[in-house]
Amino acid sequence: MTTLPPALSDWFAAKGWTLHPHQRAMLDRSDDPATLLIAPTGGGKTLAGFLPTLAELGPNPPPGLHTLYVSPLKALTADIRRNLGTPIEGAGLKIRVEDRTGDTSYTQRRRQRADPPHILLTTPESLALLLSYEDAPRIFAGLKRVIVDEIHALAESKRGDQLVLQLSRLQGMNPTLRRVGLSATVENPPALARFLAPNTTILEADPGPDPDISMLETEAPPPWSGGGGRYAIPAILNQVTRHKTTLIFHNTRAQAELFFHDLWLQNTEDLPIGIHHGSLSREQRERVEQAMTAGALRAVVCTGSLDLGIDWGDVDLVIQVGAPKNVKRLVQRIGRANHRYNAPSKALLVPANRFEVVECQAALDAVRAHTLDGEPRGPGPKDVLCQHILATACAGPFDADALYAEVITAGPYALLMKQEFDACLDFVATGGYALKAYDRWRRLKQTAGRWHLRDPRAAALIRQNLGTIIDTETLKVRLKNQFGGTPLGEVEEDFAATLTPGDTFLIGGQVVRYESLREMTVEVSRTPGRDPKVAVFNGTKFATSTLLTDRILEIFQQDSWPDLPAHTAWWLSLQREVSRLPDPHSLLLESFPHDGREHLVIYGFAGRNAQQTLGLLVTKQMEFQGLAPLGFVATDYATLIWGLDPVTDPAPLFDLDTLRDGLDHWLAGNAVMKRTFRSTAIIAGLIERTHQGRRKTGRQATFSSDILYDTLRRYDPDHLLLQITREEAMRGLIDFSRIEQLLARVGPNIDLRRLSRVTPLAAPLFFEPSRIPVQGEGRDRLAMTQAQQLMEAAGLA
Amino acid sequence: MHHALFFHGETLHLLPSGALYWPARRTLAVSDLHLGKSERLARRGGMLLPPYETQATLEKLDRDLEHTRAETVICLGDSFDDLAALNGIEESSRLWLIRLMAGRDWTWITGNHDPGPIDLGGTHRAELRLHPFTFRHIADESETAEISGHYHPKASLAGQSRPCFLADAKRMILPAYGAYTGGLRSHDPALTTLMARDALAILTGRRALAIPMPR
């Protein structure tokens with residue numbers, strides 16, 4: 001039981017503030033070694049985390065770091081610094097609060113190492129860097145508390161795994177360190193508690209009233225297919241005028257861009273509306289955040305980039321455009337509206353097409369029934385462990401047994417075997433190759449039992465590569481003018497490679513014309529009112545949860561659909577008439593010709609990743625049968641394959657043993673695996689991150705990680721990184737378990753329908769981006785035709 | 001399947017592997033093998049890449065030699081990633097290379113990565129004239145009937161980027177043959193200024209395919 005310093009209680013009283021019960025409870029439990037607080041947004045969760053710190057530090061604290069606060073967002077640390085400053089200054093407490101992120105100046109960071117503040121606000125990446133310095137034990141000596149904010153979000157990614165490994169280091173330096181996790185509503189609090197620390201007390205605040213949530217009614221029905229919800233713009237603008245501030249969430253950046261562009265064309269009242277997503281330049285994003293904080297915006301079109309972060313008290317409506325994919329995330333997004341404690345959040349769902357109407361209905365039912373989805377994450381990834389070992393070596397010599405003992409105190413690594421740890425250590429030290437080629441050039445050496453860097457100068461390079469966020473290769477986009485150009489944002493390198501001068505695309509809501517590529521920067525000019533070629537941003541793609549797909553299949557089985565809007569009910573009837581609706585007991589396949597190609601649709605409802613794997617495995621079999629598949633695209637509910645010849649005998653394509661064999665065989669060479677390998681290789685420290693500057697000079701020197709992947713597969717198939725890549729892919733991008741569930745569910749009931757044209761349910765698939773080409777005979781046939789045409793056009797053949 | 005090209009009165013086979021074969025002289029030319037690259041990176045930078053690229057490159061070369069039965073081999077420079085690379089490669093790879101060289105007329109042309117002689121058999125030269133061609137590492141703008149390497153050209157067809165040969169009436173540039181090599185897009189000014197407007201790009205891969213050089 002801790003009490004607040006009188007100056008602070010007086011200040012709270014003068015302001016008329018009283019502590020919420022969960023804030024009081026945090027003070028009461030402040031001696032517990034670990035506490036997880038689950039509270040809705042707006043419940044003063046962050047202050048609850050800091051109250052014990054303020055109480056312990058008191059009005060005149062001695063120097064030294066007392067509390068470390070870690071947040072997933074840089075913007076959040078700056079915001080917290082301001083928010084904490086108010087009561088600290090108001091009560092006249094002599095407590096120093098500073099933030100430290102990638103944006104903090106060099107001099108400031110140096111000074112913080114020499115003379116740390118009482119409270120340091122940081123991110124997992126900056127903490128990793130701080131812990132990799134030789135003087136880390138001195139900086140963190142005397143640390144009493146660590147607060148992890150938005151821990152539910154961190155726990156879903158490798159950033160969280162990295163963070164808990166760091167906590168184990170900190171605990172090693174300060175055995176009495178107490179941990180606090182702050183979280184939004186989650187489906188499995190005990191699992192999150194174990195993630196934070198071995199013995200964690202769980203405090204659950206009053207979740208507040210149920211949200212006021214419904215589907216947006218529009219005059220025009222949603223389109224048959226496509227995404228983005230642009231048909232709903234008039235109805236959405238109407239809602240914006242009737243609320244103070246609205247957040248309009250989209251699932252992808254490209255959709256946010258297209259929506260924003262059209263929104264402006266229809267915004268006849270000139271409502272101030274901004275756009276915010278991860279591909280925009282920092283300057284652009286900050287401008288929107290500031291305008292939002294100042295209350296100058298009526299709405300912001302955004303993506304997951306605003307899922308977390310600054311509390312904007314004035315947001316009174318959240319609109320989710322497009323299928324929510326995951327009920328838990330939807331509930332957390334809804335929580336962004338109305339940050340007043342104990343007031344219901346208001347949210348509207350806008351399905352982008354008629355299929356999504358069904359998914360939105362399924363999500364509404366789930367939210368009302370208080371069911372949340374979520375799948376356990378599995379053991380801590382080993383690439384993160386490799387990086388942790390390397391970072392530890394940067395800080396100074398270490399004892400392997402002691403480090404292992406420390407690592408297994410971290411929740412995700414609790415079951416890690418010593419043998420697995422040793423394999424990671426060997427990889428870090430020697431590369432871990434079957435061919436022992438690097439005896440003279442190993443990274444780590446052992447002297448008197450302790451491991452250390454062979455060449456201490458390597459530490460600088462290792463530090464540059466710390467972190468688990470892997471960016472896609474992007475190029476900056478600048479508006480070309482005589483002053484060097486205004487930065488607009490970034491596009492993917494692959495997308496930039498498809499551009500030729502004169503092409504137009506959308507970025508930051510404006511249509512721009514591609515002029516040239518200069519020194520790794522895409523130069524563009526403004527071009528008003530032309531039809532843009534859409535920018536393909538690689539937004540994070542979540543798979544629709546099993547909970548939602550199960551509910552959708554249930555809805556399909558109804559005789560009629562009184563809960564669904566009439567247009568959607570009619571569309572489902574039409575599908576039932578033309579073909580049939582998928583059900584939980586069989587696997588529906590549709591086959592039809594379209595646009596000169598043969599198509600096959602697999603309605604597996606297994607989520608995007610599993611449907612993608614199904615696409616890879618089935619096309620592999622089709623290639624084997626000589627059906628010349630050309631490519632496929634996967635969504636959460638179906639896979640669409642196109643090729644030169646039709647499928648007539650589907651059963652062999654879906655034999656579980658054949659699929660498993662294919663998986664082993666194919667696990668080998670596809671693009672998904674190569675993408676997984678690239679992130680794993682960067683995180684584990686095999687290859688360096690590509691920095692803009694480095695790439696500029698790289699030219700012939702740099703080669704793709706795909707080459708390394710192919711080489712390892714061929715010459716060292718049991719290498720640790722290939723094992724990690726396989727594990728990662730199986731649980732992430734491959735998601736084979738959901739294919740197994742699917743095939744177990746349907747048994748031998750595979751129903752192939754041959755149709756003359758695209759069916760109502762199949763139509764949306766044709767608008768999906770991320771089409772994956774199949775490299776095989778079909779593509780060779782096409783490439784030869786194309787080469788022939790090019791040569792003829794040039795008069796050379 | 002190779003692509004046959006008539007160049008200065010001679011028929012040349014551009015192999016899908018990236019090697020050039022001159023049947024009339026039973027001569028095989030390859031460029032930019034960069035043998036020993038992973039060892040050099042480990043020595044210099046601390047990155048410990050899979051140490052198999054020398055093996056991979058030699059396997060490919062072995063296959064091409066067996067398939068073409070070439071009697072003369074010309075390596076167009078940057079055969080070794082640096083002058084010390086030969087000491088770093090595995091003994092087995094070194095013996096393998098010596099076996100490939102045995103009984104063949106073998107020329108090492110110096111490149112910017114391997115600017116001096118290497119302690120290995122064969123002939124070492126800055127350039128080689130073999131009528132009607134001149135073989136060298138970096139193209140000389142004033143030369144004709146020239147065959148060179150250095151640039152690691154690549155080009156895209158049907159959405160795929162691949163190492164490629166570049167050829168016009170005066171010169172031919174070979175793709176990099178080594179396993180760990182990146183590439184320079186044919187759009188790069190270094191290549192568009194060097195090659196004539198009507199140049200061809202012949203892509204490597206499952207089969208060699210000729211297209212007008214993308215620029």
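**A guided look at chain A**

Visitor: Why is Gly626(A) called partly exposed?
Guide: Its relative accessible area is 46%. Buried means under 20%, exposed over 50%, and partly exposed in between (1.4 Å probe, protein chains only), so Gly626(A) is partly exposed. Gly626(A) sits in the loop between helix 23 (608-624) and strand 23 (629-634) of chain A. Helices (H or I, at least four residues) and strands (E, at least two) are DSSP runs numbered from the N terminus.

Visitor: What should I know before reading on?
Guide: This is a predicted model, where local features need pLDDT of at least 70, side-chain atom pairs count only at pLDDT 80 or more, and totals for chains, interfaces and linings use all residues. Residues are numbered from 1 along each chain as its sequence is written, chains are lettered from A and ligands numbered from 1 in the order in which they are written, and side-chain values use heavy atoms, leaving out hydrogens and water.

Visitor: Is Lys328(A) buried or exposed, and how do you know?
Guide: Lys328(A) has a relative accessible area of 10%, which is under the 20% limit, so Lys328(A) is buried. Lys328(A) belongs to helix 14 (residues 327-334) of chain A. Leaving aside residues up to four places away in sequence, Lys328(A) touches Glu156(A), Thr185(A), Val186(A), Glu187(A), Leu372(A) and Asp373(A), where contact means heavy atoms within 4.5 Å. Across chain A, 57% of the 797 residues count as buried.

Visitor: What makes helix 15 and helix 21 of chain A roughly perpendicular?
Guide: Helix 15 (residues 354-368) and helix 21 (residues 546-556) of chain A pack at about 110 degrees, their axes 9 Å apart. Angles under 35 degrees count as roughly parallel, over 145 as roughly antiparallel, 65 to 115 as roughly perpendicular and the rest as oblique, so this pair is roughly perpendicular. Axes are lines fitted to C-alpha atoms, for helices over the stretch in contact, and angles run from 0 to 180 degrees between N-to-C directions. Among the residues that meet are Phe355(A) and Val358(A) in helix 15 and Leu547(A) and Ile552(A) in helix 21.

Visitor: Where in chain A is confidence lowest, and where highest?
Guide: pLDDT is the predictor's confidence in each residue, from 0 to 100. Helix 26 (residues 692-698) of chain A is lowest, at a mean of 42, and strand 5 (residues 145-148) of chain A is highest, at 98. Chain A averages 86, with 89% of the residues scoring at least 70. Where pLDDT is low, the predicted coordinates should not be read in detail.
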